[in-house]
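Let's walk through this structure together, one piece at a time. Keep the view open beside the text and turn it as you read.

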Amino acid sequence: MKKYKSLIFLVVILFVAACVPGTPSIPDPDPGKDPGLVEPIPDPEPEPEPEPDFDFALYKPNELGEIPIWMYHNIREPESIWVRTPDNFRADLQRFYDLGYRLVSLTDVITNNIDISAGTSPLVLTFDDGNANNFNLLKNGEETTVDPDCTVGIIMDFADSHPDMGTAATFFVQLPHPFSQSASWYTAEHRQWKLEKLQEWGMEIGNHTLGHKHLKKDIKSLDDLQEQLGKPQYLLEDLLPGYKLNSLALPFGGRPKAEWADYVHQGQFQGTTYQHDAILLVGSAPAKPFNHTNYSPLAMPRIRASNYPDGDAKDFLDKALARLENTRYISDGDPDIITVPESNLDKLNKDSLEKKTLRTYTLEESIGP
Ligand SMILES: [Zn+2]
């Protein structure tokens, strides 16, 4: 603004000097007589620093890359097919972190709102069955604390020393008794405290059906199906009014017969509607992100977070991480911009961009020695 004013001042003087013939061009100011006549010209303001160019070569962003959604169950001793020990889970978090992964919520993935720093990769943690070892309380006299060896305790402790890791996770619980503990002192207030803390800490709960039924083998009628899927939301209205279970993890990965498929996505039970915007499978592959042509929120693959052998299959975790080194989503640090290497553009679903800005790039081939 100052600069603008002084420009006007200069223009006026030049105009007067040029257009009035016979008058002295600019009268000599006499500072003794009238010091206010000529304003001092202020120093020009420095130009704002230009935004530094995004360093594509440094970060190599690829926002059409794959996102691992890890499937855990129990966190306790000893390690087995569906059990990860506390120490192994801590080591997993450290390994993910060191590889550049950061925790994002499932909701962030399905709403295309991944907000992590440039060069890092999103990762989703999921825990099925709502076992007490996912969120366990300890009682010492009057004091109640979070068990440092339960899932929530380990995630919170890791985030204390690595704040940029975040604390997002989704727990596919069974309602109305998520993380139920058998201790005699454990009450409905403790359950309520857990549900409220989860929200406060950026963690989510998802649907895992009412009775952990196999939706293909165990369901006999459409009413039965809607009770299995809708009653958890109905029960939750009392525990967390307004909270929507926006995701479903299919027990055993089972789906009902084709004619009922739509009711897995949405339906109603006794006047309460339910809607699952993400339906999670039991699988072994990473998921495609929101803007990818093969993004499939109603059939999202998950990877077993374990190397424990299951028949001939094993090394799920190691194999997936190795694959992801070449395929993973790498953030540009700006949730409003979707950055994609030119070579990946054929995988972009242009209609999915909505208000996001697309940015593409190619890196020049480096010339080897
Ligand atoms: Zn389960």
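How many residues lie between β6 and β7 in their hairpin, and which residue in the turn has a positive phi? There are two residues between the strands, and Gly141 has a positive phi of about 60°. Strand β6 covers residues 137-140 and strand β7 covers residues 143-146; the two pair in the antiparallel sense over four bridges. Asn140 has Glu143 in β7 as its bridge partner.

Now step back to the whole chain, keeping in mind that this is a predicted model. The protein chain holds nine helices and 16 strands. Of its 369 residues, 34% count as buried. If you take the contacts between residues at least 6 apart in sequence, 67% of them join residues at least 24 apart.

Is Met71 buried or exposed? Met71 has 25 other C-beta atoms within 10 Å, so it is buried. Setting aside neighbours within four places in sequence, Met71 is in contact with Thr126, Asp128, Val282, Arg302, Ile303, Arg304 and Ala305. The C-alpha atoms of Met71 and Phe127 are separated by 6.0 Å, although the two residues are 56 apart along the chain.

Phe127 leads on to strand β8, as it stands opposite Phe171 in that strand. Strand β5 (residues 121-128) and β8 run parallel and are joined by three bridges. β8 also pairs with strand β9 (residues 204-207), in the parallel sense and over four bridges. Here the bridge partner of Thr170 is Glu204 in β9. Both faces of β8 (residues 170-173) are covered: Thr170 and Phe172 are buried on one side, Phe171 and Val173 on the other.

On the way, the loop between β8 and α6 contains Pro176. A cis peptide bond joins Leu175 to Pro176, with omega about 10°.

Helix α6 has 13 residues and reaches 19 Å from its first C-alpha to its last, close to the 18 Å expected at 1.5 Å a residue. Which of its residues are buried? They are Lys194, Leu195 and Leu198. These three cover an arc of only 95° around the axis, and therefore sit on the same side of α6. That buried set packs against β9 and α7 (222-239). On the other side of α6, the exposed residues are Glu189, Gln192, Glu196, Gln199 and Glu200. Just after the helix, Gly202 takes a positive phi of about 80°.

Phe316, Leu317 and Leu324 are its buried residues. Seen down the axis of α9, they fall within an arc of 85°, so they line one face of the helix. They pack against β14 (303-304). The face turned away from the buried side carries the exposed residues Asp318, Ala322, Glu325 and Asn326.

Finally, look at some backbone details in the loops. Most residues other than glycine have a negative phi, and most peptide bonds are trans. Asn112, which is not a glycine, has a positive phi of about 55°. You will find Asn112 in the loop between α4 (106-110) and β5; with 18 C-beta neighbours inside 10 Å, Asn112 counts as partly exposed. Gln270 also has a positive phi, near 45°, and belongs to the loop between β11 (266-269) and β12 (272-275). Gln270 counts as exposed, because it has 9 C-beta neighbours inside 10 Å. A cis peptide bond also joins Glu77 and Pro78, with omega about -15°; Pro78 lies in the loop between β2 (74-75) and β3 (83-84).

Definitions and conventions
Residues are numbered from 1 along each chain as its sequence is written. This is a predicted model: local features need pLDDT of at least 70, side-chain atom pairs count only at pLDDT 80 or more; totals for chains, interfaces and linings use all residues. A residue is buried if 20 or more other C-beta atoms lie within 10 Å of its own, exposed if 12 or fewer, and partly exposed in between; C-beta atoms are placed from the backbone. The arc is that of the directions from the helix axis to the C-beta atoms. Two residues are in contact if their C-beta atoms, placed from the backbone, lie within 7 Å. Two strands pair if DSSP finds at least two bridges between them. The expected span of a helix is 1.5 Å times one less than its number of residues.
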